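Reader: I would like to go through this structure with you before setting up any calculations. Could you take my questions as they come?

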Amino acid sequence: MIRQIKTGISDAEKHDADVKVRQTVEAILEDVAKRGDVAVRELSAKFDKWEPKEFRLTKAEIQALIDSLPAQTIADIRFAQAQIRRFAEAQLSTLREIEIETIPGVRLGQKNIPVSSVGCYVPGGRYPMVASAHMSVLTARVAGVKRVIACTPPLNGKPPAATVAAMALAGADDIYVMGGVQAVAAMALGTGSIAPVDMLVGPGNAYVAEAKRQLFGRVGIDLLAGPTETLIIADDTADAEMCATDLLGQAEHGPTSPAILLTTSPKLANGIEAEVQRQLRTLPTADVASVAWRDYGQVILCDSDEELVSEADRIASEHVQVLTRNPQYFLDRMANYGALFLGKETNVAYGDKVIGTNHTLPTKRAARYTGGLWVGKFIKTVTYQRCNEEASVVIGEYCSRLCAIENFSGHQAQADLRVRRYSGKNAAE
């Protein structure tokens, strides 16, 4: 039996907030589409209090920002990027181009072609997410994308040095200090000074996520990433301190970040609230994390590991930490998650920052049908075909009859032309 020990706010309350975000984003996108750079500059001044002479950083400005950082910071960025590059290159090696002969004279194949241009959004604000530069810019580069541009908002009225350094070291062609919906719109729609891209990637707040949703179709996107989610699966081998630490470590992302404990331990389920409150008293980001836990935190008690799996797959969380005696059990059986973190020795923060797997992952139950950002997201797998004359006749006769069934006379004519030309007889004969 599955019992809800703690619940969050209702779906109706979430819906009201979504409507406001959608309307705001619609207006901003329309403004940027009409007025281009002028709109972007006004929006930047309004939302970020940022009005530079140029949004695009020069090479000299980028180098100066890199030089301003401690050597250890640069070394740490390089280490993280090395891990992400290594895993991305291994993923790339699994993508094969093929060509096969299906019947004599018919050859079908597939090619993997990188997207031509990508715009990467790297969030800023209270949390300048340096790691998002690795996850988007670097992964696009490994995939072979020819043009990669990146945007990030200012930090305290200045370009965020560590984020810019990460973008540059990852291989961004152009870096813009520009935030929010106006940055996403500028990259997708183009302005007088920015050529439009073919694809947008990267996480962001609710407004950035909504902008990507509305722009999808005009450009490609990686996925619709909402507020960060974390799910901890725990049994009686897990302790409250670690569970609470890992829940709050993701709840600090924002006041709407779901953090869920799914457990078979009644002791843990009934004791987690006290431990959460104890840690909140000293957590520097408690002002955010406490709201997320209050409104979006859940505790769910199950009777068996089988129930843990079924409930975890129903929730389909972005991040799933498995703090149990046998984490392999869940790797073997779970189907719906963005990323799994198996065992007490790892955690979501490792994945977010440095270990090598990508941290841009599906939220809002999208893990039921998609994975996260990876090299393959930047690559179009396209097909081609070729026939010799004899094979064209064989295929053409089948095609003609099948087109007739569907009343596609124009399609049938294409097939009949090949049959006549290469066999000297009518397809219908």
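Reader: To begin, what share of the contacts in the protein chain with a separation of 6 or more comes from residues 24 or more positions apart?
Author: Residues 24 or more positions apart account for 73% of those contacts in the protein chain. Contact here means heavy atoms within 4.5 Å.

Reader: And what should I know about the model and its conventions?
Author: This is a predicted model, in which local features need pLDDT of at least 70 and side-chain atom pairs count only at pLDDT 80 or more, while totals for chains, interfaces and linings use all residues. Residues are numbered from 1 along each chain as its sequence is written, and side-chain values use heavy atoms, with hydrogens and water left out.

Reader: How many helices and strands does the protein chain have?
Author: The secondary structure comes to 16 helices and 14 strands. Helices (H or I, at least four residues) and strands (E, at least two) are DSSP runs, numbered from the N terminus. Along its principal axes, the C-alpha trace spans about 85 × 60 × 45 Å.

Reader: What percentage of the residues count as buried?
Author: Of the 429 residues of the protein chain, 49% count as buried. Buried means under 20% relative accessible area, exposed means over 50%, and partly exposed is in between, using a 1.4 Å probe and protein chains only.

Reader: Into which domains is the chain divided?
Author: There is domain 1 (19–222), domain 2 (227–371) and domain 3 (388–423). These bounds come from an automatic or database domain assignment. The C-alpha centres of domain 1 and domain 3 lie 46 Å apart, and four residues of domain 1 are in contact with four residues of domain 3.

Reader: Let us turn to annotations. Which residues does UniProt list for "active site"?
Author: The unreviewed UniProt entry lists Glu318 and His319 under that feature. Of these residues, the lining of the largest cavity includes His319. UniProt positions are given in the numbering used here, feature names are shortened, and annotations may be inferred rather than shown by experiment. As for the cavity, on a 1 Å grid over the protein atoms alone it is a set of points where a 1.4 Å probe fits but cannot get out, and lining residues have an atom within 4 Å of a point.

Reader: Is Glu318 buried or exposed?
Author: Glu318 counts as buried, at 5% relative accessibility. Glu318 lies in the loop between helix H12 (305–315) and S12. Leaving aside neighbours within four places in sequence, its contacts include Pro227, Thr228, Tyr337 and His359.

Reader: Where does His319 lie?
Author: His319 lies in strand S12 (residues 319–323) and counts as buried at 2% relative accessibility. Residues touched by His319, not counting those up to four places away in sequence, include Thr228, Gln250, Phe341 and Asp352.

Reader: Which residues carry the "binding site" feature?
Author: UniProt, again in an unreviewed entry, places that feature at Thr228, Gln250, His253, His319, Asp352, Glu406 and His411. They are spread over 184 residues of sequence and also in space, up to 54.9 Å between C-alpha atoms.

Reader: What about His253: where does this residue lie?
Author: His253 lies in the loop between helix H9 (240–251) and strand S10 (259–263). With a relative accessible area of 26%, His253 is partly exposed. Beyond its neighbours within four places in sequence, His253 is in contact with Tyr127, Met129, Thr228, Val288 and Asp352.

Reader: A change of topic: how many disulfides does a search of the whole structure find?
Author: The search finds zero disulfides, a disulfide being a pair of cysteine sulfur atoms within 2.5 Å. For Cys399, the nearest cysteine sulfur, that of Cys403, is 3.8 Å away. Cys399 is partly exposed, with a relative accessible area of 32%.

Reader: Lastly, which members of the largest nonpolar core touch the most other members?
Author: Of its 68 residues, they are Val118, Met178, Leu200 and Phe378. A nonpolar core is a set of buried Ala, Val, Leu, Ile, Met, Phe, Trp, Tyr and Cys residues joined through side-chain atoms within 4.5 Å. Apart from it lies another core, of 22 residues, among them Ala234, Ala244, Leu247 and Ile272.

Key
1 Å grid on protein atoms, 1.4 Å probe; cavity = no way out; pocket = protein on both sides within 12 Å on 5 of 7 lines; lining within 4 Å.
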